[in-house]
Amino acid sequence: MAVGNTYVVEKTCPICGETTRVVKVRSRLMALQTDSDFCTHYQDFNPYYYTIWICEKCGYAADEKRFLAVMPEKNRKKIQDFLNGRKIGLSFAEERGLPEAVASFKLAIFYEELLGASLGHRAGLFLELAWIYRLADDEEKELPMLRKAAELYDQSLTTERYPVGQLSDTMAIYLVGSIYYRLGDYETATQYLSRIISDKDSRIQDRKLYERARYLWQDVRAAREAQRDAAEVQAAGGTPDEAAEKAKQNS
Ligand SMILES: [Zn+2]
């Protein structure tokens with residue numbers, strides 16, 4: 001890990017009221033690239049490892065905004081009841097690796113589910129966990145997290161009032177489209193992105209996102225065409241390897 005990207009601060013836990021150390025990421029990081037779903041790649045450092053703060057006293061875990069927000073009494077009680085007599089086996093770590101990062105997200109998602117927190121917010125946690133796997137080159141674990149995020153955003157769009165926190169409905173629709181593109185489901189990706197492109201209001205309200213959706217829609221269309229071409233090649237006899245595979249399946 002690059003030295004000096006993080007620093008430790010003390011915060012008050014919203015559940016137990018004790019002071020706990022948490023790690024913050026310095027904001028001056030140089031991005032290498034940003035994927036269509038906003039996953040940003042950095043040189044030798046992954047800031048997503050530090051998104052979740054964990055109270056070293058009681059084991060509560062949440063992202064910074066949630067951690068610092070006012071916690072309704074009934075929610076505090078719910079988590080206190082759960083933690084009562086339990087020991088969460090995650091100690092404070094100034095430097096996190098992949099296992100600690102994954103564990104922190106799973107814990108935060110668990111608490112969000114316990115509290116019945118908004119689907120849109122939960123979707124965001126699954127999406128970021130998918131990025132953690134992506135940046136660790138573990139596609140097998142990334143894809144189910146992406147799928148979960150898309151499902152939650154989709155449910156959120158039909159049942160929740162927007163904006164959800166900072167998230168606009170146009171952004172949620174874009175993210176679902178972008179996730180399905182990554183999952184290779186070009187048909188569904190097109191459906192979602194078309195909702196943005198065909199909506200005049202989204203063009204006016206969020207020009208940047210509208211442009212992003214348009215570019216991505218073009219990428220999806222190109223990918224669909226490539227897929228169709230490949231299918232046609234195969235239908236016309238395909239490569240020797242494919243033909244052999246087909247023969248094996250049919251025998
Ligand atoms: Zn605590």
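The figures below show close-up views of a predicted model.

Figure 1. Phi of Asp44 is near 55 degrees, which is a positive value in a residue other than glycine. Is Asp44 buried or exposed? Asp44 has 9 C-beta neighbours inside 10 Å and therefore counts as exposed.

**Figure 2. The hairpin of β3 and β4, with Phe38 in its turn.** Strand β3 spans residues 31–34 and strand β4 spans residues 40–42; the two pair in the antiparallel sense over three bridges. Within this pairing, Gln33 has His41 of β4 as its bridge partner. Five residues lie between the two strands of the hairpin. Phe38 is placed in this loop between β3 and β4. Its phi is near 80 degrees, again a positive value in a residue other than glycine. Phe38 counts as partly exposed because it has 14 C-beta neighbours inside 10 Å.

Figure 3. Seven bridges link strand β1 (residues 6–12) to strand β2 (residues 19–25), and the pairing is antiparallel. Which residue of β2 is the bridge partner of Tyr7? The partner of Tyr7 is Lys24. The hairpin has six residues between its strands, and in the turn Gly17 has a positive phi of about 75 degrees.

**Figure 4. Ala61 and its surroundings.** Ala61 belongs to strand β6, which covers residues 61–63. Ala61 has 24 C-beta neighbours inside 10 Å and so counts as buried. When residues up to four places away in sequence are left out, Ala61 touches Ile52, Trp53, Ile54, Ser104, Leu107, Ala108 and Tyr111. Leu146 stands 85 residues from Ala61 along the chain, and the C-alpha atoms of these two residues are separated by 21 Å.

**Figure 5. The packing of helices α3 and α4.** Two packed helices are described by the angle between their axes and by the distance between those axes. For α3 (residues 98–114) and α4 (residues 119–135), the angle is about 165 degrees and the axes are 10 Å apart. The two helices are therefore roughly antiparallel to each other, since an angle over 145 degrees counts as such. The crossing of α3 and α4 is left-handed. On the side of α3, the contact is made by Ala101, Val102, Phe105, Ala108, Ile109, Glu112 and Glu113. On the side of α4, the contributing residues are His121, Arg122, Leu125, Phe126, Glu128, Leu129 and Ile132. How many residues of this contact are nonpolar, polar and charged? Nine are nonpolar, one is polar and four are charged.

**Figure 6. The packing of helices α6 and α7.** Helix α6 (residues 169–182) packs against helix α7 (residues 186–197) at an angle of about 160 degrees, and their axes lie 7 Å apart. This angle makes α6 roughly antiparallel to α7. The two helices cross in a left-handed manner. Helix α6 contributes Thr170, Ile173, Tyr174, Val176, Gly177, Tyr180 and Tyr181 to the contact. Helix α7 contributes Tyr186, Thr188, Ala189, Tyr192, Leu193, Arg195 and Ile196. By class, the contact of α6 with α7 holds 10 nonpolar residues, three polar residues and one charged residue.

Figure 7. Where is Pro163 found? Pro163 is found in the loop between α5, which covers 139–159, and α6. The peptide bond from Tyr162 to Pro163 is cis, and its omega is near 0 degrees.

**Figure 8. The protein chain in which these views are set.** The chain contains 10 helices and six strands. Its C-alpha trace spans about 70 × 45 × 40 Å along the principal axes. Of the 251 residues in the chain, 30% are buried. Among contacts between residues at least 6 apart in sequence, 57% join residues at least 24 apart.

Technical notes:
Residues are numbered from 1 along each chain as its sequence is written. This is a predicted model: local features need pLDDT of at least 70, side-chain atom pairs count only at pLDDT 80 or more; totals for chains, interfaces and linings use all residues. Axes are lines fitted to C-alpha atoms, for helices over the stretch in contact, and angles run from 0 to 180 degrees between N-to-C directions. Helices (H or I, at least four residues) and strands (E, at least two) are DSSP runs, numbered from the N terminus. Angles under 35 degrees count as roughly parallel, over 145 as roughly antiparallel, 65 to 115 as roughly perpendicular and the rest as oblique. A crossing is left-handed if the near helix is turned anticlockwise from the far one by less than a right angle, and right-handed if clockwise. Two residues are in contact if their C-beta atoms, placed from the backbone, lie within 7 Å. Ala, Val, Leu, Ile, Met, Phe, Trp, Tyr, Cys and Pro count as nonpolar, Asp, Glu, Lys and Arg as charged, and the others, Gly among them, as polar. Two strands pair if DSSP finds at least two bridges between them. A residue is buried if 20 or more other C-beta atoms lie within 10 Å of its own, exposed if 12 or fewer, and partly exposed in between; C-beta atoms are placed from the backbone.
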